[in-house]
Amino acid sequence: MPRAALLAIGRDTAAAPSGTLCSFKNNLLSHCEITHSDSIHTVFAEFTFFPHSVVSRNDTLLADTSTIVLILTVAPGSYEFTINPAGLVFSQSNEPIVDVSFGPYGDPSVYTQSPKYASASAFIQALGLWHERTSDHWFLGRNSTLTGPSTISSAIEGPGTYLLAAPK
């Protein structure tokens, strides 16, 4: 679906998260976080990479001991992030996952922009993590689900841009 058909949850910019580099060995369980700039470094997103969840880089199969370096960036004012480099291929049977937390900084009041949602809680229940696979073609992430009062979990299908949103 096009981006215009999605209603993204707002984000308070008071403690804006910044991107990060994530480096790990391909044969090890690894975790990376993007955190807000507040004093306690509230988690924006936590990424889990299972052993062998990255298959190749730039059409070259990776060895067990290969080091993977990801560039994780965050768009201002939203729950949108990008995973680079583009040349990575993730395992379909052992995909990495991400938990995106919108607790203290999420603003669900955008629900009023769609007649589909009667309340902020109805909007939150409809949230999912969307992946832009090609230009302006967004797909709901595999197994994207609300796993807590303010956390969405989803498989990461590959590099690219992801957005926390619900259908308008």
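Reader: G160: buried or exposed?
Author: Buried, because the relative accessibility of G160 is 18%. Buried means under 20% relative accessible area, exposed over 50%, and partly exposed in between, with a 1.4 Å probe and protein chains only.

Reader: What sort of model is this?
Author: This is a predicted model: local features need pLDDT of at least 70, side-chain atom pairs count only at pLDDT 80 or more, and totals for chains, interfaces and linings use all residues. Residues are numbered from 1 along each chain as its sequence is written, and side-chain values use heavy atoms, with hydrogens and water left out.

Reader: Back to G160. Which strand is it in?
Author: G160 is in strand 17, which covers residues 160-167. Strands here are DSSP runs of E, at least two residues long, and helices are runs of H or I of at least four, both numbered from the N terminus.

Reader: What does G160 touch?
Author: F81, T82, I83 and H131, leaving out residues up to four places away in sequence. Contact means heavy atoms within 4.5 Å.

Reader: And how much of strand 17 is buried?
Author: Seven of its eight residues, so strand 17 is mostly covered by the cut-off for buried given above.

Reader: How many bridges does strand 17 make with strand 13?
Author: Five, with strand 13 (residues 128-134) antiparallel to strand 17. Two strands count as paired if DSSP finds at least two bridges between them.

Reader: And with strand 9?
Author: Strand 9 (residues 80-84) also runs antiparallel to strand 17, over four bridges. I83 has G160 as its bridge partner there.

Reader: What about strand 1?
Author: Strand 1 (residues 6-8) is joined to strand 17 by three bridges, again antiparallel. L6 is bridged to P167.

Reader: Where do the side chains point in a strand like that?
Author: As a general rule, side chains in a regular strand alternate between the two faces of the sheet.

Reader: You mentioned I83. Buried or exposed?
Author: Buried, because its relative accessible area is 0%. I83 lies in strand 9.

Reader: What is I83 in contact with?
Author: Setting aside neighbours within four places in sequence, the contacts of I83 are F47, L70, I71, L72, I156, P159, G160 and Y162.

Reader: Change of topic. Where is F102?
Author: F102 sits in the loop between strand 11 (97-101) and strand 12 (106-107).

Reader: Why does F102 count as buried?
Author: Because its relative accessibility is 4%. F102 touches I9, Y79, I124, L127, L146, P149, S150, T151, I152 and L164, not counting residues up to four places away in sequence.

Reader: How many disulfides?
Author: One. C22 is joined to C32, with an S to S distance of 1.6 Å; a disulfide here is a pair of cysteine sulfur atoms within 2.5 Å.

Reader: Where do C22 and C32 sit?
Author: C22 is in strand 3 (residues 20-25) and C32 is in strand 4 (residues 30-35), ten residues apart, and the pair links distant parts of the chain. The link of C22 and C32 is right-handed, with 55° about the S-S bond.

Reader: C22 and C32: buried or exposed?
Author: C22 is buried because its relative accessible area is 1%. C32 is buried too, at 9% relative accessibility.

Reader: Which strands form the open sheet?
Author: Three strands, in the order 7-6-10, with antiparallel pairing. Strand 7 (60-61) and strand 10 (88-90) are the edges, each pairing on one side only. Strand 6 (residues 54-57) is joined to strand 7 by two bridges, and S56 has L61 as its partner in strand 7.

Reader: Last one. Which residues form the nonpolar patch on the surface?
Author: L21, V69 and I71, with about 270 Å² of accessible area together. Areas come from the Shrake-Rupley method with a 1.4 Å probe, and for residues only the protein chains shown count as cover. Patch residues have over 30% relative accessible area and no salt bridge; like charges are joined within 9 Å, and nonpolar side chains (Val, Leu, Ile, Met, Phe, Trp, Tyr) within 5 Å. A salt bridge is a side-chain nitrogen of Lys or Arg within 4 Å of a carboxyl oxygen of Asp or Glu.

Reader: And V69 itself, which strand?
Author: Strand 8 (residues 67-74). V69 counts as partly exposed because its relative accessibility is 41%.
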